[in-house]
Amino acid sequence: MSCQLLLGIDSTIVNVALPRIARDLHFGAAGLAWVLNAYTITFAGLLLLGGRLGDALGRRRVFIAGVLVFTAASLAAALARDPGQLLAARAVQGIGAALASPSTLALITTTFAEGPPRNRALGISSAVISGGASLGLVLGGVVTAAVSWRWVFLVNVPIGAAIVLLARRHLPETPRHVAGDTGLARFDVPGALTGTLGMLGIVYSLIRAATAGWTDTRVLAGLAAGLTALVAFVLIERRTAAPIVPLGLFRDRARASGYVSLLLIGPSMIGPFFFLTTYLQQVRGLGPVATGLAFLPMTLGLFTAARTVARLLGRFGSRRVIGGALIGLAAAELLLSRVGPATSYAAILGPLALVGIGGGLSFVPIYTLILSRVEGASAGSASGVLQTVQWLGGSFGLAVLVAAGHPYVVAAVLALGALVLMTSFRHAKTHPDVRLRAGGRERPDGPGHPDEVEQPSASRTSRMG
């Protein structure tokens with residue numbers, strides 16, 4: 001959880017330090033945006049690879065390596081003397097985060113049994129990373145004003161060192177999944193190359209589209225190159241014995257619907273952060289610290305949801321919890337669509353809290369649905385896909401919302417689309433579920449209804465990796 005908090009804080013703490021960074025290192029306007037983009041592209045582009053490395057080499061080992069890389073890069077960023085050094089350090093930070101983050105989620109999946117224990121752990125994890133993003137806004141403003149922008153990177157060093165020491169002492173190593181009699185870790189190099197290049201192209205295009213528009217030549221070229229690489233990636237994954245992403249993850253209708261729902265929910269979470277930050281600072285005249293504090297209702301909503309979601313799932317089932325959460329999320333977006341220059345903060349407080357509660361209550365059952373019935377050998381890959389899809393939902397959603405005339409209304413419609421998708425299982429014919437083995441192969445393992453993932457039998461719980 002401490003790693004999730006570290007990554008959550010880092011996702012926003014740099015934002016408020018950008019003006020000071022530009023002044024001290026002589027960044028131009030275009031170059032300054034790459035202080036954020038360099039990290040985002042490598043992080044999102046390498047999540048799939050990071051998840052598979054954890055499966056192949058051992059998640060504790062990959063997790064510690066990722067935190068060490070992230071921490072060392074943070075120190076390099078703090079010591080940067082010119083724009084090139086800072087951008088290179090930020091790109092390496094993204095690599096470290098891409099190694100550590102999927103292993104964190106996979107370790108939760110394989111450590112906690114299906115049902116309330118895992119639901120509580122996933123709830124806390126999602127709340128910690130989202131709460132860290134709010135905390136990052138506050139910390140960024142405080143340390144930049146009180147000390148120096150370099151401390152937005154230096155704060156990561158002692159935290160990262162502590163995480164490594166705790167991980168070495170308390171985290172057990174997971175098995176390395178090896179190939180046959182050779183004892184060598186199975187690894188799909190062609191899949192890794194095409195998947196990484198495809199994601200890098202898509203991520204770059206989504207970031208650029210938010211400012212340059214969808215008709216920009218580089219956006220279209222990046223999308224074309226990324227999609228071509230991903231098509232090649234899928235063809236390779238269909239034929240390899242140890243794929244980076246087991247395609248069986250998408251053959252189960254419930255799991256595939258969970259992935260699509262994360263894409264649709266992403267804009268509802270990223271929209272308030274982006275648009276309200278601009279509104280509070282440019283329209284209401286708040287400083288960076290006050291703006292960060294303004295998001296505390298959202299953070300408290302997330303933590304409230306994290307503490308109650310396991311109990312609610314046990315009492316009402318995932319379909320009702322998801323339905324109520326997404327209705328609340330859509331309602332919050334519609335309320336935020338009425339915000340104007342004369343709107344008081346009191347009118348924003350309630351919808352912000354509702355965004356936090358709706359997001360917290362919807363993410364956990366969707367995470368549970370996606371990660372259920374995935375055996376230990378594929379947990380890292382499943383976690384990497386989950387986090388990649390969730391990030392793409394936020395990034396793609398932001399590009400769409402920026403171009404939309406009524407961004408909050410669009411976010412509400414997308415949340416309602418996820419609601420229809422996730423509650424459609426009520427009318428779906430019960431179908432055999434699948435449990436993913438290493439390499440993406442499947443075997444039948446009981447009905448695949450969303451509500452059935454909360455109450456596994458003792459025999460199924462005992463088989464969890």
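Analyst: Before we begin, one term is needed: a helix here is a DSSP run of H or I over at least four residues, and the helices are numbered from the N terminus. In this predicted model, Leu 5 lies in helix H1, which covers residues 2-13.

User: How many helices and strands are there in the protein?

Analyst: The protein has 18 helices and 4 strands. Of its 465 residues, 55% count as buried, and the accessible surface comes to about 18700 Å², with 67% of that belonging to carbon and sulfur atoms.

User: How should I read a salt bridge, and how many salt bridges does the count come to?

Analyst: The general idea is that side chains of opposite charge can pair when their charged atoms come close. The cut-off is a side-chain nitrogen of Lys or Arg within 4 Å of a carboxyl oxygen of Asp or Glu, and by this rule there are 3 salt bridges. One of them joins Arg 90 to Asp 10, with the closest N and O atoms 3.5 Å apart. That pair links distant parts of the chain, since Arg 90 is in helix H5 (residues 83-111) and Asp 10 is in helix H1, 80 residues apart.

User: Are Arg 90 and Asp 10 buried or exposed?

Analyst: The cut-off for buried is under 20% relative accessible area. Arg 90 has a relative accessible area of 2% and is therefore buried, and Asp 10, at 1%, counts as buried too.

User: What is the distance between the closest N and O atoms of Arg 23 and Asp 24, and what is it in the salt bridge of Asp 216 and Arg 208?

Analyst: Arg 23 and Asp 24 form a salt bridge whose closest N and O atoms are 3.1 Å apart. Arg 23 has 53% relative accessibility and so counts as exposed, while Asp 24, with a relative accessible area of 35%, is partly exposed. The side chains of Asp 216 and Arg 208 meet at 2.6 Å, N to O. Here Asp 216 counts as buried at 19% relative accessibility, whereas Arg 208, at 25%, counts as partly exposed.

User: How is a pair of aromatic rings described, and how many aromatic pairs does a search of the whole structure find?

Analyst: A pair of aromatic rings is described by the distance of the centres and the angle of the planes. Searching the whole structure gives 6 aromatic pairs. Among them is the stacked pair of Trp 34 and Tyr 204, with 6.1 Å from centre to centre and 20 degrees between the planes. Trp 34 belongs to helix H3 (residues 29-57) and Tyr 204 to helix H9 (residues 189-212), so this pair ties together parts that are 170 residues apart in sequence. Trp 34 is partly exposed, with a relative accessible area of 31%, and Tyr 204 also counts as partly exposed, at 21% relative accessibility. Another pair, Trp 149 with Phe 153, is edge-to-face, with 6.3 Å between the centres and 90 degrees between the planes; both of these residues are buried.

User: Which residues make a nonpolar surface patch of about 210 Å²?

Analyst: The residues are Leu 5, Leu 135 and Leu 139. A patch takes residues with over 30% relative accessible area, and Leu 5, with 34%, is partly exposed.

User: What does Ser 268 touch, not counting residues up to four places away in sequence?

Analyst: Ser 268 has its place in helix H11, residues 253-283, and is buried, with a relative accessible area of 0%. The residues that Ser 268 touches, apart from those up to four places away in sequence, are Leu 329, Glu 333, Val 355, Ala 411 and Ala 415. With Ala 411 there is also a reach of the Ser 268 side chain to the backbone oxygen, at 3.1 Å.

User: Where does Phe 274 lie?

Analyst: Phe 274 also lies in helix H11, but with 37% relative accessibility Phe 274 counts as partly exposed. Its contacts, not counting residues up to four places away in sequence, are Leu 398 and Val 402. The C-alpha atoms of Phe 274 and Leu 401 are separated by 9.9 Å, although these two residues are 127 residues apart along the chain.

Conventions: Residues are numbered from 1 along each chain as its sequence is written. This is a predicted model: local features need pLDDT of at least 70, side-chain atom pairs count only at pLDDT 80 or more; totals for chains, interfaces and linings use all residues. Side-chain values use heavy atoms; hydrogens and water are left out. Helices (H or I, at least four residues) and strands (E, at least two) are DSSP runs, numbered from the N terminus. Buried means under 20% relative accessible area, exposed over 50%, partly exposed in between (1.4 Å probe, protein chains only). A polar contact is a pair of N or O atoms within 3.5 Å; within protein, one must be able to donate a hydrogen and the other to accept it, and residues adjacent in sequence count only if both atoms are side-chain atoms. Contact means heavy atoms within 4.5 Å. Rings of Phe, Tyr and Trp (its six-membered ring) pair if their centres lie within 6.5 Å; planes under 30 degrees apart count as stacked, over 60 as edge-to-face and the rest as tilted. Patches are made of residues with over 30% relative accessible area and no salt bridge: like charges are joined within 9 Å, nonpolar side chains (Val, Leu, Ile, Met, Phe, Trp, Tyr) within 5 Å. Accessible areas come from the Shrake-Rupley method with a 1.4 Å probe; for residues, only the protein chains shown count as cover.
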